[in-house]
Amino acid sequence: MTDTTTTTRQVNVTPKTSVTVLFAGDSGDGMQLTGTQFANTVAVYGSDLNTFPNFPSEIRAPAGTISGVSGFQMQFGSTAVYTPGAKFDVLIAMNAAALKSNIDKLHHGGIIIVDTDGFDAKNLKLSGYGEGNNPLEDGSLNDYTLFSVPVVSLTRKALADTGLSVKNIDRCKNMFILGILYWLYSLPIETTVQTLKSKFKNKADIADANIKAVTAGYNFGDETDMFAQFGRFEVGPAEMKKGTYRRVTGNEAAAIGLAAASKKAGLKLFLGSYPITPATEILQALANMKKWGVKTFQAEDEIAGVLSSIGASYGGALAATSTSGPGLALKSEALGLAVIMEVPLVVINVQRGGPSTGLPTKPEQSDLFISMFGRHGDAPVPVIAAYSPVDCFYAAYEAAKIAVEHMTPVICLTDGYLAFSSEPMLIPSPDSLLDVKPVFAKPRNEGDAPYLPYKRDERAVREWAVPGTKGLEHRIGGLEKSHETGNVSHDPANHQLMTDLRLQKVEKVADSIPLQTIDNGPEKGDLLVLGWGSTYGAIKIAVDRARKAGHSVAHAHLRYLNPFPKNLGEILSSYKKVLIPENNCGQLLMMIRDRFLIEPVAFNKVEGLPFNEMEIEAKITDIVKEL
């Protein structure tokens, strides 16, 4: 790795395969920005990485308190990285509350770098330690490697000649601590310098101050005895497929996936949406794609957002809407309208803790039931789920393909963990992406047979009739349609037929999706760990460790939740037990039990936090001991 400055002394450099770091501080300390800059540098260097931002739901939680702690956790390594780490190796604590709320997740012997200026009497009291109980002095941290650094004081000293106010100088303290981390892990600061110049191109004094702060932090690491005696670390680049990479969050990837699908289909992309945490960034990302013909509409509410998208779909566009759980509930009647109209629509639902307003910034997998059944009447829709930040691209793309080719709304499930987390994405060639083939009804001429808007092909799919096309006039709306003609019908037998046909159309999607595969492990054995969505990384690592311990364990991960892959039942019957970890109270488990008449083992977690690999590994061990 290239150092930013010439080191003044020789120090030991210890190679590491992977490292997990947590930046933690008050929600006003810039921990998300600091972690993002560190992640960008790691990505540019070529290491694999996975991040997990974790911040309060309140707009401004009480400063100095446990509830106000904001964290950015990331694991980076020279081998494949699937999670942000169950525990971390380095804890950056900008105040007492950050230390208290996270110390239990630090590895024994791990590194703690604290800003001693955040451990005054006021901060100690607010954190719950108490004014006279300073953990930096009472010996409670003796099992860790502690570096006490007066970050605020040093930042003020380094920027004393900038002419900035004390308030603006203190805002640069996160860059000082970032510089220390760059030195400690032998990383250059150039990527951050360029980012700061770009971010503050119209505020040169702010850019210069932040650059000066990160440089000062780096030099402090290089010159101070406390770090020189301890040494530095080095994490090499990972071996990855050749190509061009970019770091993406799940929300960014989902937005790009929709745009890519629209180009592949030759359709205009329209997103009608209402801002809601944690899905807002999809709307923001697509709003910046106007030059590619993307149209976005920020509606006054969730209902208006989805209805505008249904209108765009009726007009011949690839239409989508983005939301989270509360918004999906509000969209339910409109989704029923899209089902009965049989128009394509992509709904990206970024799940969060519930019910009601719930936990806006915390992830959960509790919207599976509402996605499956949360509409008036029998109104089935395909449901698919992304399993990683990068996979949000492919899940959104495939949701669009299914919606267009099967003339149906599709719900694509991600969650707050995937939405804000990030990892390197190999940018795919457009030629490598599956074709998206809309089938439009052709103009009618005099003498042609009457147009039948609900006449179907062998997949029970009707053609897409774009308004303004000659001879395709027909009725639309939410009233039941007559078979083939589309006229309003209240006939009981017709309602039965149309309900069955809409269900059959969704079931036939199974003919066009891949068969289920085993991600890791034997095709027959003692235990199958079945997952969906963001549990992927934790399950993958846990199963790999269990197999290395000699257990007969396998991992299968579901992309398609409705309909299920056609061979799923066969796979489930090949194992003595099936374990289903979910960030809910067992929704997939109930669906599997109902469909396949087996009794899986539940492993449920609804803490607003994703599973980690240690939790699942322990559960696997408990089960295999009893087999």
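Pro563 sits in the loop between strand 19 (560–562) and helix 20 (568–572), where helices (H or I, at least four residues) and strands (E, at least two) are DSSP runs numbered from the N terminus. The bond that joins Asn562 to Pro563 is a cis peptide, with omega at about -5 degrees. The structure is a predicted model, so to speak of local features takes a pLDDT of at least 70, side-chain atom pairs count only at pLDDT 80 or more, and totals for chains, interfaces and linings use all residues. Residues are numbered from 1 along each chain as its sequence is written, and side-chain values use heavy atoms, with hydrogens and water left out.

A cis peptide bond also joins Gly354 and Pro355, with omega at about 5 degrees. Pro355 is found in the loop between strand 13 (345–351) and helix 15 (368–373). Glu342 is not a glycine, and still has a positive phi of about 60 degrees. As background, most residues other than glycine have a negative phi, and most peptide bonds are trans.

Next come the helix pairs. Axes here are lines fitted to C-alpha atoms, for helices over the stretch in contact, and angles run from 0 to 180 degrees between N-to-C directions. Helix 7 (residues 190–199) packs on helix 8 (residues 204–223) at an angle of about 165 degrees, the axes being 8 Å apart. Helix 7 passes helix 8 in a right-handed crossing, meaning that the near helix is turned clockwise from the far one by less than a right angle, with anticlockwise being left-handed. On the helix 7 side, Val193, Leu196 and Lys197 meet Ala207, Asn210 and Ile211 of helix 8, contact being heavy atoms within 4.5 Å. The residues of this contact split into 4 nonpolar, 1 polar and 1 charged (Ala, Val, Leu, Ile, Met, Phe, Trp, Tyr, Cys and Pro are nonpolar, Asp, Glu, Lys and Arg charged, and the others, Gly among them, polar).

Helix 1 (residues 31–45) and helix 6 (residues 173–184) have axes that come within 10 Å and cross at roughly 30 degrees. That makes helix 1 roughly parallel to helix 6, and their crossing is right-handed. Helix 1 brings Met31, Leu33, Thr34, Gln37, Phe38 and Thr41 to the contact, where they meet Asn174, Met175, Ile177, Leu178, Leu181 and Tyr182 of helix 6. By class this contact has 8 nonpolar and 4 polar residues, with no charged ones.

For helix 19 (residues 536–548) and helix 22, the axes come within 8 Å and cross at roughly 45 degrees. Helix 19 and helix 22 are therefore oblique to each other, and helix 19 passes helix 22 in a right-handed crossing. Ala538, Ile539, Ile541, Ala542, Val543, Arg545 and Ala546 of helix 19 make the contact with Glu613, Met614, Ile616, Glu617 and Ile620 of helix 22. Here the classes come out at 9 nonpolar, no polar and 3 charged residues.

Helix 22 (613–626) turns up again in the second largest pocket, as one of the elements that give two or more residues to its lining, alongside strand 2 (18–26), strand 3 (48–54), strand 4 (69–77) and helix 2 (96–102). On a 1 Å grid over the protein atoms alone, a pocket is an open set of points with protein on both sides within 12 Å along at least five of seven lines, a cavity is a set where a 1.4 Å probe fits but cannot get out, and lining residues have an atom within 4 Å of a point. The second largest pocket has a volume of about 730 Å³, a volume being the space filled by probe spheres set on the points, which are joined across faces, edges and corners. Its lining takes in 37 residues, with Phe52, Asn54, Asn102, Lys105 and Leu609 nearest the centre. Strand 4 supplies the largest share of that lining, 5 residues. By class, the lining of the second largest pocket divides into 17 nonpolar, 11 polar and 9 charged residues.

A search of the whole structure turns up 1 cavity of 30 Å³ or more. The largest cavity holds about 40 Å³ of space and is lined by Val339, Pro380, Met407, Thr408, Pro409, Arg502, Lys505 and Val506. Helix 18 (residues 492–507) gives the largest share of this lining, 3 residues.

Definitions and conventions: Angles under 35 degrees count as roughly parallel, over 145 as roughly antiparallel, 65 to 115 as roughly perpendicular and the rest as oblique.
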